[in-house]
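Me: I have a structure to go through with you. Can we start with the ligands and then look at the strands and loops?
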Amino acid sequence: MTQTTSPPSVAFDAEGFQAFLSNRQEPDWLSDLRRQAWDHFEAMQWPERRHEEWIRSDLRLFQLKKHQLSLAASDDTEVREQLTGGVDLGGQVTSVDNHIHTDTLAEDLAAKGVVFGSLDRLVNEHSDLIRKHLFSAFDPDYDRFAALHAAFFAGGQVLYVPKGVVIDRPLHIDSMLSNGGSDTGHTLIVLEEGAEATVLHESHSPTSDAGGLHVGALEIIQAPNSHLRFVDLQEWGHKCNHFAHQKARVGADASLQWTIAAMGAGFAKVNQTVELVGEGASSQVNGVLSTEGRQHIAYHTLQHHIAPNCQSDFLYKSAQQDHSRTVWRGMIKVDKAAQKTNGYQRNDNLVLSNTSRADSIPGLEIEADDVRCTHGSTTSKVDAEQIFYALCRGFTRNEAVRMIVIGFFQQIFDRITIESVREALGRSIAQQVRDYE
Amino acid sequence: MSDAPKHQLKIENLHVSVGDKPILRGVNLTMGHGQTHALMGPNGSGKSTLGLAIMGHPGYEVTDGSILLDGEDVLEMEPNERARAGLFMAFQRPVAIPGVKMADFLRHATTNVRRPDRKEGEDLIPMREFRKELKDKMQHLRMDVEFARRYVNDGFSGGEMKRAEILQLAMLQPKFAILDETDSGLDADAVRLASESIADIGGREKMGLLIITHHDKLLEHNPPEFTHVMLGGRIVETGGKELAEELHRSGYDRIRTAYPEAEARNQEMLNEETAV
Ligand SMILES: Nc1ncnc2c1ncn2[C@@H]1O[C@H](COP(=O)(O)OP(=O)(O)O)[C@@H](O)[C@H]1O
Ligand SMILES: [Mg+2]
């Protein structure tokens, strides 16, 4: 037996921040940003329990001092690659606890000026490019988690697609957490005018009962007429804390298809925002939330119409088992200038046990007068008559429930245009749906 | 093949309650191999209840009596075991299962019913083999193959629902099938098509059919060896084909007068129904 020394790690405190900072090799402007963020973090309070975003998510269950950030790579790697079955990739970045393991980009794409890979590496190679865009769709002062992220973000990935470049193969990002590890990854995606790309992101822990911390952020910046498909399969271990700020800014006549599947984490709070900043921009969000055990997953979504003639179409479906709970708070915000907005927002819940819970709060905030916005939410149980019908056709109870749950999500699958993603989500959900007595 | 096993479904003294409300009060009915029985009776007399109790609906509690399939105690079985043992019901009002395609539903159902010992997760009938059979059956029933891609009963018209039930009957090939008003809500052409289809499937597979109907077309194509008349939760009279013909011609007045106690019970159940 060989002695394993655990990699050096730091706490998320002043001393830890200094150690973290001195360990970085990065441009001064970035270190300055971090110092500023850390100052802000120290000056800020944790969100109040009365705060609208936290009223249903009890932050007292979270203690930052129980978590550490590792400064050296662990060799605990197990790439799971759920999303990439049979897919020819244009590039891949994998990491464990922020430390990059794989960092590849196909030569033909690099030759076209595409930049893709580790943010830690590329911030040195393309300092000006990254400086221009970093934090343009992320607000480090949003709350204390945002400030913490801005101070400590590491690992992370960048995708930059130059004007007119169409990437025909998906790019893959796999973020892994060791049991008890931390991930502070920042993902920055920039599509210039007329560019097109597909990004498949997945995150996971070594086992479904692993713990750890994720304090992450995602920024998507789309210039006019660009087209992005972004997929995010979140399967952190069920004892992980998961806090994320995710925002896309979509330019004129650009389109974004954003699919999220939140299956993991014990306590999760995600802000997901799409800003429609150019006339004719359109966005479709497909969300799957599936919880079990004592999982608590909260999504706060905002479809913010800033420019006129834009479209946003957000559909979330959630299924809750055991003692788990989801919170979905959706908002369509239409600015005064955003006439002819077409906004749609919906959250359907399938509550699978008497002790699970779904909070679903749709909302509209409309300042323009010529808009079409619809929203809705439903909460239902698996219908006993549906189960009986399936039993009468020879299904076992488990098979019946599984089929009904997968059928419930089918409307989302029907909207997903990438086959490997549809399959991975189907598998993931089928795995999570418990056996029923 | 004369040495093929002969099947029998035997219902004795069946009492069924919904909640604490007794509905069936001692039903006796024995169906032999490949026989066709008509089950008639006014609304609320208990016909659907009998079917649902045979299938094991959890809301319909059997408080007395027995149901035996080839001597096996059906009441001990879960509904899915009953299906795998060879019982089938075409529902009067089948439920929708949104997001589940007919073809996927039927492939799973057909596999389970044909391989009663199949464990969860074991392979289904190979896709190609299944598709071919499904397509053949659908063509035979003059159904558009597109139908298989639609979600189970989701947004189906009344007629489409009934035809989907007939398709399931054709695929699952049970030993005994209860057809609960499979001809209701259809126009004349659709009734004829349904009647012919059932005669075809039932005859070919030598199925026992328990046909619940208010119309004569279905029975013209599937002449019953026995006709049972239910009233107030009991079978009050059993006859041959001519009894069904009489009821179609003259209605239930003679029956209601001849069995005043059952008629009173039938009215009582209907009144309770509106009182709920
Ligand atoms: N699920 C139920 N809940 C309450 N009453 C029921 C239920 N199912 C049947 N009944 C009652 O049982 C009686 C017989 O109903 P049913 O079997 O549907 O009659 P039929 O099919 O002959 O019209 C009716 O009075 C009906 O109200
Ligand atoms: Mg009925």
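This is a predicted model: local features need pLDDT of at least 70, side-chain atom pairs count only at pLDDT 80 or more; totals for chains, interfaces and linings use all residues.

Me: Which elements of chain B supply at least two residues each of the shell around ligand 1?
Reply: Strand 2 (21–32), helix 1 (47–55) and helix 10 (260–275) of chain B.

Me: Which of them gives the most?
Reply: Helix 1 of chain B, with three residues.

Me: And which residues come nearest to ligand 1?
Reply: G44(B), K47(B), S48(B), T49(B) and Y60(B), out of 14 residues around the ligand.

Me: How does that shell divide into nonpolar, polar and charged?
Reply: Five residues are nonpolar, six are polar and three are charged.

Me: What does the side chain of K47(B) do with ligand 1?
Reply: An N or O atom of that side chain sits 2.9 Å from an oxygen atom of ligand 1. S48(B) uses a polar backbone atom, 2.9 Å from an oxygen atom of the ligand. Y60(B) has a polar side-chain atom 2.6 Å from a nitrogen atom of ligand 1.

Me: How much of ligand 1 does the protein bury?
Reply: 75% of the 550 Å² that ligand 1 exposes when taken alone.

Me: OK, the magnesium ion. What are its protein donors?
Reply: S48(B) through OG and Q92(B) through OE1, at 2.1 to 2.4 Å from the ion. S48(B) lies in helix 1 of chain B, and Q92(B) in the loop between strand 6 (87–90) and strand 7 (97–101) of that chain, so the pair ties together parts 44 residues apart in sequence.

Me: Is S48(B) buried or partly exposed?
Reply: Partly exposed, with a relative accessible area of 22%. The cut-off for buried is under 20%.

Me: Switching to chain A. How do strand 3 and strand 4 of chain A pair?
Reply: Antiparallel, over six bridges. Q92(A) stands opposite T104(A) in strand 4 of chain A.

Me: What is in the turn of that hairpin?
Reply: Two residues separate the strands, and D97(A) in the turn has a positive phi of about 50 degrees.

Me: Where is N225(A), and what is its phi?
Reply: N225(A) is in the loop between strand 11 (211–222) and strand 12 (227–235) of chain A. Its phi is near 65 degrees, positive in a residue other than glycine. N225(A) is partly exposed, at 41% relative accessible area.

Me: And what about the phi of K340(A)?
Reply: Positive, about 60 degrees, although K340(A) is not a glycine. K340(A) is in the loop between strand 19 (325–334) and strand 20 (342–351) of chain A.

How values were computed
Residues are numbered from 1 along each chain as its sequence is written. Chains are lettered from A and ligands numbered from 1 in the order in which they are written. Side-chain values use heavy atoms; hydrogens and water are left out. A residue is near a molecule or strand if one of its heavy atoms lies within 4 Å of it. A polar contact is a pair of N or O atoms within 3.5 Å; within protein, one must be able to donate a hydrogen and the other to accept it, and residues adjacent in sequence count only if both atoms are side-chain atoms. Accessible areas come from the Shrake-Rupley method with a 1.4 Å probe; for residues, only the protein chains shown count as cover. Helices (H or I, at least four residues) and strands (E, at least two) are DSSP runs, numbered from the N terminus. Ala, Val, Leu, Ile, Met, Phe, Trp, Tyr, Cys and Pro count as nonpolar, Asp, Glu, Lys and Arg as charged, and the others, Gly among them, as polar. Donors are N, O and S atoms within 2.8 Å of the metal (3.2 Å for Na, K and Ca); water is not among the atoms, so sites may look incomplete. Buried means under 20% relative accessible area, exposed over 50%, partly exposed in between (1.4 Å probe, protein chains only). Two strands pair if DSSP finds at least two bridges between them.
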